[in-house]
Amino acid sequence: MNRISLFTSRRLSGQILSRVLLFGVLVVTIATISCYFLVYHHSKERSLATMRQYMVERKQIEDQLFAGAYHNLTFFRDEFLHLYLSPLDFSDDEFWAMYFVDGDGATRMKEQFFTESIERHLGRSWGVTSFIGNNQSVASHDFKRRLLIAYLLVNRYGPAWAAQGVLHASYPENAITIYSPAAPWGLQAKPDLPMNELGTIKATLQSENPARTPVWTGLYYDETVGQWTITFELPVDYQGRHLVNPSLDLYLTAIMERLNNDSLSGTYSLILSKNGYLIAHPGKLKDELKQKGQLSLDKIGDPALDRIFHQVALAKPDAQGISVTEDVQGGNYLIAAALAGPDWWLVRVLPKQLIAHEAHQTARIVLLFGFLLFVVYYVTVYLVIGKQVKAPLAKLQQAISLVAAGDYQTVIRSSQQLPLEQQNEIGGLAGTFLDMCRQVDEAQTDLQGLVNSRTRELETANAQLRELSLLDGLTGIHNRRSLDRDIEAVFRQAQHNVESFFLLLVDIDHFKAFNDIYGHTAGDETLRAVAQVIAATIRKVDRAYRYGGEEFAVIFNSADQAAAHICGERLVEAVRNMDIPHRGSPHGIITVSAGLVGYSSRFQSVTDLIDVADACLYQAKDSGRNCLRINLAADDSPTG
C-alpha cells in the first residue's frame with residue numbers, strides 16, 4: 001500500500017512537474033515572441049511615418065531652390081520679351097560704347113562694366129562681362145539689340161540672385177552675357193570658343209530641343225567658388241526665332257551638406273538621377289563625385305546601388321511625391337522623394353536592424369523576467385509536491401492553473417483559496433507563491449512603464465530632430481528656414497498692430513578674400529565666431545539667423561528705433577572688437593556691414609521690407625563697410 005502510494009505520488013509529481021515545465025516554457029516563449037512582433041510592428045510603423053514626414057519636409061526644402069530658379073528665369077523671359085517687343089532701341093554708337101573687338105576678332109564687353117561703371121541710360125554696372133566668339137558677326141542690329149536688352153536684365157537681377165547662383169544669358173549666335181563678379185569671364189574666354197557647339201548651349205538649340213523644354217545640365221563641382229553647381233537654361237523664342245537663353249548656375253552645396261549632416265543615426269541618404277546616374281553619396285564615392293559631378297551606375301558596378309535604383313524606379317509615389325519600398329535583399333526600407341527641376345530622386349535608406357533593435361531589447365527583457373519568474377514558480381511547486389500531495393496541493397494546483405493562464409489578479413484577490421493556514425512548508429510556499437504573483441503583476445506594470453518610457457524618449461528625439469531642422473549646421477544659430485517662418489509671423493503681427501519689429505541684415509566684409517587667403521576652414525571658424533558674437537550681443541527677446549553664406553539677420557522684437565539702432569551699432573562694434581586679422585580687408589581685421597529697417601505700414605510684404613534692409617546693407621558697403629545704415633523714413637533713403 002505504501003509502495004503504491006509512493007509510486008502514485010511520484011508519478012503525479014512527475015506529471016505535474018512535466019506539465020508545469022512545458023506550459024511555463026510555452027507561455028514565456030509565446031509572450032516573448034508576441035511582444036517582439038508587436039513592438040517590431042509598432043516601431044516599424046512609427047519609424048516609417050517619421051521618416052516619411054521627414055522626407056516630405058526635405059522635399060519641400062530642396063524643391064524651393066529649383067522652383068525659385070524656374071520662377072526667376074520665367075520672370076527674366078517675360079521681362080526680356082516685354083523689352084524686345086517695346087520701342088526700346090539702341091544705336092550702333094551706344095553698342096560700341098560698351099563693346100570692342102580684340103586682336104583675335106572676338107567681340108567683348110569693355111572691362112569698365114566689370115569693375116564698375118555708371119552710364120546715363122543704363123545705370124550702374126559691375127561684375128558683368130560679355131563675349132561673342134570670333135566666328136560670329138555682330139553686324140545684325142537685332143543681334144546687338146538683344147545683347148543690350150539681356151545686359152540690362154543680367155545687370156539688374158544678377159546681384160539680386162547671386163545667393164542662388166550665377167545669372168547669365170546665352171545666345172544661339174555663340175555669345176554670352178554673364179554676371180560673375182568673382183572673375184571677368186567674358187574678358188578671359190578664348191576668342192575661338194565655340195559655345196553653341198558644346199553641350200550646355202547646344203542643348204537649347206531648336207535643332208537639338210524642338211520641344212523647347214527647359215534644360216538641366218549635369219551636376220559639377222565648381223572649384224573656383226567651392227560650390228556644387230547645376231545649370232538651368234530656359235530657351236526663349238518669338239515667332240519661331242530662338243532669341244536668348246536666360247540661365248542660372250545654381251549652387252547646390254547646401255543640399256550636399258544636408259546629405260552628409262542631416263541624417264538620423266544609422267541611416268544615410270543619396271541622390272539618384274532617373275536616367276541611371278549617382279548624383280550624391282555620403283560614403284567612399286564622395287570624392288570621386290566631386291571630381292566628375294555624377295557617376296553612371298553601370299560604371300560603378302555596385303549591386304546595392306543598382307538594386308536601390310531599380311526598386312525606387314518601380315515604386316509608385318503618393319500624392320506628395322513620396323514612395324516607401326522594402327529592399328528585402330539589402331535589409332532596408334527605401335524612402336524616396338522626387339525632386340522638382342532635374343529628374344532626381346532623394347533616397348533615404350533606413351536599415352531594418354534599427355527598427356529591430358528596440359524590439360530585441362524589449363523581447364530580451366520579457367524573456368529574462370519571464371524565465372526568472374518561471375524558475376521561481378517551478379522550484380516552489382517542486383518543494384510543495386516533495387513534502388505533501390493532498391488537499392493543499394489541489395488548492396495550489398488550482399492557483400497554478402490561474403497563473404499559467406496569466407490571471408495573477410484572481411490569485412491576489414482570492415488569497416484565501418491558497419493553503420495559507422498550513423503551519424508548515426506548504427503554508428510558507430503558499431505565501432511565497434502569493435508574493436510571486438504580486439511580483440509578476442508589478443513586473444508587468446514596470447514593463448508597461450518601460451515601454452511607455454521608451455515611447456516618450458522616441459517622441460523627445462523626434463521633437464529634437466524637428467528643432468534641429470531649424471538650426472544652421474555650421475554656426476548653431478537659427479537658419480534661413482527659421483527666418484522665413486519667424487519673419488512672416490512677426491510681419492503679420494505688425495500688420496495687425498500687435499507688435500512692431502526691426503530687421504537687421506549683416507554681411508562679413510571681404511569674406512571671399514578671407515577664404516582665399518586663410519582657407520575655408522578658417523572661414524568656417526570665423527562664421528561661427530561672428531555668429532556667437534551676434535547672438536551674445538542681442539537681447540534675449542531677439543533672435544539671430546544665418547541668412548546665407550557670410551550674411552546674417554537679426555529680428556529685434558518689441559524694440560523702439562533708438563534701442564534697435566544702438567543694438568545694431570553695438571553689434572558692428574562687437575565684431576570689430578573681435579580683432580580677427582584679415583589682410584585682405586582695408587581695415588586689416590574682420591568687420592561687418594549692416595542695414596537696419598523698421599516695420600511700417602508702407603511695406604506690403606516681407607519681400608519689400610527685406611529689399612529695403614538689403615539696400616541699406618549695400619549703402620553701408622558703398623560707404624566703406626564696417627558700419628551700419630538704417631532706413632526708417634517713408635522715402636526708403638538709408639541714413640547713417
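1. Asp92 and Lys144 pair through their side chains in a salt bridge, 2.7 Å from N to O. The term means a side-chain nitrogen of Lys or Arg within 4 Å of a carboxyl oxygen of Asp or Glu. Asp92 sits in helix 2 (residues 92-96) and Lys144 in helix 4 (residues 141-157), so the contact ties together parts 52 residues apart in sequence. Helices (H or I, at least four residues) and strands (E, at least two) are DSSP runs, numbered from the N terminus.

2. This is a predicted model: local features need pLDDT of at least 70, side-chain atom pairs count only at pLDDT 80 or more, and totals for chains, interfaces and linings use all residues. Residues are numbered from 1 along each chain as its sequence is written, and side-chain values use heavy atoms, with hydrogens and water left out.

3. Asp92 is partly exposed, at 40% relative accessible area. Lys144 is buried, at 7%. Buried means under 20% relative accessible area, exposed over 50%, partly exposed in between (1.4 Å probe, protein chains only).

4. Glu326 and Lys352 form a salt bridge at 2.2 Å, N to O. This pair links distant parts of the chain: Glu326 in strand 16 (residues 322-327) and Lys352 in helix 11 (residues 352-387), 26 residues apart. Glu326 is partly exposed at 38%; Lys352 is buried at 17%.

5. Shared partners join Asp142, Arg146, Glu173 and Arg241 into one salt-bridge network.

6. Asp63 bridges to Lys59, with the closest N and O atoms 3.0 Å apart. Both lie in helix 1 (residues 2-84), 4 residues apart, about one turn of the helix. Asp63 and Lys59 are both buried.

7. The salt-bridge count comes to 22.
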